[in-house]
Amino acid sequence: MLLLLQYTLIFTSVLVLVALGGCISEHSGVINLGLEGIMVMGALGGALMMRAFGTESALLMVLAVILSAVVFGMAYSALLGVACINFKADQTLVGTALNLLGTAAATVLVKAINTASNPDNHSSEIEYVRARKMFIVNINGFEFNWFMLIAVLAVIGVAIMLYKTRFGLRLMACGEHPQAADSVGINVYKMRWAGVLLSGALGGLGGICYILAGVSLWKFENGVAGFGFLALAVMIFGQWNPVRISLAALLFGLFRALSNTYVGIPFLVSLNLPSNVYNMMPYIVSLVVLAFTSKTSRAPKAEGIPYDKSTR
Amino acid sequence: MEEYAIEMLHITKRFPGIIANDDITLQLRKGEIHALLGENGAGKSTLMSVLFGLYQPEEGIIKKDGKAVKVNNPNDANALGIGMVHQHFKLVECFTVLDNIIMGVEPTHLGFLQKGEARQKVKMLSEKYGLYVDPDARIEDITVGMQQRTEILKMLYRDNEILIFDEPTAVLTPQEISELMQIMKNLAAEGKSILFISHKLNEIMEVADRCSVLRKGKYIGTVNTADTTIEELSAMMVGRNVNFHVEKKPSVPGDVILDIEHMTVASKVHKNNAVKDVSLKVRAGEIVCIAGIDGNGQSEFVYGLSGLEPLVSGKITLDGKDITKTSIRQKSLLGMSHIPEDRHKHGLVLDYTLEDNMILQTYFKPEFTNKAGFLRRKNIREYANRLIEQYDVRSGQGPITITRSMSGGNQQKAIIAREIDKQPDLLIAVQPTRGLDVGAIEYIHKQLVAQRDAGKAVLLVSLELDEVMDVPDRILVMYEGEIVGELDPKTTTQEELGLYMAGAKRMEVTA
């Protein structure tokens with residue numbers, strides 16, 4: 001059971017971080033469907049840092065990896081910003097393109113790096129056994145991961161930012177009624193850029209958190225297995241509200257954790273279901289939940305519509 | 001030398017092909033209410049866009065308190081103390097009143113909102129000017145009148161001295177309109193200068209001190225409202241004498257064409273039914289008007305009648321045939337025509353050409369589609385040309401004009417041409433004159449009366465009081481989804497109508 005709790009919390013952390021990213025972006029008025037790709041890029045940034053940075057200090061390592069993942073995520077999300085805010089491209093299409101490009105580019109890059117250091121190595125894997133340990137504190141068999149704390153702080157931080165600060169008020173105004181925001185002197189383009197970049201940072205964090213969750217080696221061909229989309233489902237189920245998002249993430253995180261840990265739960269083993277069933281669970285749950293709840297969901301009104309000053 | 005709060009002198013603004021503002025001068029005195037009158041397309045919005053720095057004029061200057069100023073963007077206008085209540089409110093619906101008021105000028109400490117002092121200031125302002133609104137209510141939960149007060153408070157919170165109201169009464173009930181008039185007078189008495197953009201002449205006569213008139217981009221003149229008449233103003237605005245009163249003979253009702261029994265329609269926004277057990281009849285040769293304040297179930301009533309939404313219960317009979325469950329195409333073929341409330345959403349495919357829009361409901365008929373299933377373009381073109389000619393639909397390129405590029409009045413004329421030319425037995429017209437100018441309104445009213453005189457049944461749904469009083473032969477008032485009164489336009493008054501519309505009065509109505 002301890003294992004189930006541990007996996008639930010770490011996968012919840014991933015979903016919370018990425019879903020909060022999506023939530024901020026959508027509150028600014030930009031649908032970020034590219035979270036999947038941004039996660040891959042964040043994971044790549046973090047993994048490359050772990051591969052290259054040979055420090056013995058856990059603190060330094062953790063900070064460096066986080067910084068690298070955030071920078072990679074933000075840089076990649078800037079593509080979304082340029083295309084969708086400045087050039088007013090269709091946000092759904094650009095997001096999808098980012099997802100396709102993310103996994104592919106990461107694979108090519110990692111293969112090239114691996115081959116350069118060892119001509120016989122054509123894999124797209126990065127291994128980080130030693131570095132991963134620095135993220136984990138073992139408390140009586142429970143592997144506490146620093147990302148669990150970061151996720152909690154992120155929920156609190158984003159909630160305060162959205163509902164208590166000037167920045168949050170202006171950000172949400174841009175996602176609801178950009179013309180109104182513009183009419184009181186708020187620069188809609190700037191606020192949307194801020195929303196997209198913040199979502200890139202959180203998406204990148206989520207990406208590195210995901211590959212650190214259970215394994216010490218990541219094969220970049222696999223991308224992040226639809227976790228970016230799962231996070232979007234969490235965001236919708238959480239009604240674009242940070243606290244509700246964290247609860248929704250807990251539900252999805254639990255189902256995802258089951259696939260890693262069901263062998264340790266006698267009742268589930270006795271059901272004698274194939275492991276594929278558990279692997280499918282989070283995705284099936286997301287389909288079911290969204291089918292029943294999306295009708296009443298209330299997305300930011302102006303999301304997905306490029307803002308054009310001249311149309312009033 | 002008179003003291004002017006703001007002056008726009010000899011403003012000329014050209015767009016490719018047209019001169020939107022041709023040497024226009026507008027001088028707003030301190031503490032006066034100044035009306036700006038003109039039809040749609042007369043150049044009012046362009047002039048305001050120049051004032052707000054959205055456009056730079058080719059010629060002319062703007063003076064504030066006698067000194068020339070440069071306005072490059074809306075922020076400059078704000079800094080000069082110019083505020084505007086837009087026709088379509090610029091309010092974030094899921095925010096509170098207070099959040100909307102402070103947005104853009106939020107009091108903060110280290111980036112955190114300090115709403116306490118803002119709430120105090122808003123309360124003080126709303127008491128001073130009689131603008132009652134709950135600062136913590138969400139915009140989506142309050143009435144349109146309160147939303148407008150929020151917009152006014154937005155300007156006052158910013159200490160604006162020059163307040164512009166763009167068509168502020170279009171969305172209000174009669175009672176709310178008289179409240180607004182009082183508020184505007186209060187504001188002027190406190191020294192604010194008010195510019196009141198409108199094409200409703202009686203309101204201008206009531207509230208404004210002076211009135212400047214624009215027509216087709218040109219400045220016609222400025223008059224003191226005390227020294228002029230409605231007729232004179234309208235002649236200045238339109239360039240000819242307009243007949244406000246709809247000329248019509250007494251109606252000669254014939255057989256019942258439309259018979260609605262106990263119709264109930266669900267609401268999309270709340271759990272209660274939007275239309276509750278409505279029964280009514282419309283006869284051949286009469287115009288029946290459903291009056292009411294926006295949002296009292298009129299839209300859902302029409303959706304249910306036209307088949308856009310299913311009925312919860314009830315029965316609809318057209319010419320003796322039960323059409324409760326027939327498809328929309330069948331209803332159309334059986335003789336129902338519908339001029340929809342939202343002409344962009346339900347009336348036209350905006351990115352289609354005018355000719356394709358003309359055959360939206362008849363494209364499958366043999367004259368437009370041959371046996372192989374191909375459209376007969378030549379016939380369609382001829383048909384469209386005939387309608388364009390007959391109904392005077394004006395557009396840039398005739399039948400191949402993309403309808404999005406046409407003016408609202410001509411889009412509406414295109415719909416009317418299509419719907420009337422089907423020779424319906426029943427014509428449903430929902431707010432057919434919304435947003436149109438005086439000339440177009442006159443034309444549409446004439447068409448409705450002509451249909452009546454040709455022996456058709458006409459069901460008009462309107463929010464405009466003048467239209468409700470003038471056009472129909474019978475008025476049914478709808479309040480919260482029920483018919484609460486039947487009035488005779490010849491004997492009732494606007495005040496009585498207003499009481500029914502506000503739910504203050506009701507009578508039993510049997511269909």
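Predicted model: local features only at pLDDT ≥ 70, side-chain atom pairs only at ≥ 80, totals over all residues.

Let's start with chain B, which is built from 17 helices and 22 strands. Its radius of gyration is 25 Å, close to the 24 Å that the globule rule gives for 511 residues, so chain B is as compact as a globular protein of that length. If you follow the C-alpha trace along its principal axes, chain B spans about 70 × 50 × 50 Å. Of the 511 residues in chain B, 44% are buried. Now look at contacts in chain B with a separation of 6 or more: 67% of them come from residues 24 or more positions apart.

Next, some backbone angles. Most residues other than glycine have a negative phi. B:D23, though, has a positive phi, near 55°. You'll find B:D23 in strand β2 (residues 18–29) of chain B. With 14 other C-beta atoms within 10 Å, B:D23 counts as partly exposed. B:E480 has a positive phi too, near 45°, and sits in the loop between β21 (474–479) and β22 (482–487) of chain B. B:E480 is partly exposed, with 16 other C-beta atoms within 10 Å.

Finally, where do the chains touch? The contact takes 14 residues from chain A and 16 residues from chain B. On the chain A side, α7 (166–176) and α8 (178–183) each supply at least two residues. α7(A) gives the most to that side, with five residues. By type, the chain A side divides into six nonpolar, five polar and three charged residues.

Note on methods: Residues numbered from 1 in each chain as written. Chains lettered and ligands numbered in written order. Contact = placed C-beta atoms within 7 Å. Helix = DSSP H or I, 4+ residues; strand = E, 2+ residues; numbered from the N terminus. Nonpolar A, V, L, I, M, F, W, Y, C, P; charged D, E, K, R; others polar. Rg over C-alpha atoms; globule rule 2.2 N^0.38 Å. Buried ≥ 20, exposed ≤ 12 C-beta atoms within 10 Å, placed from the backbone.
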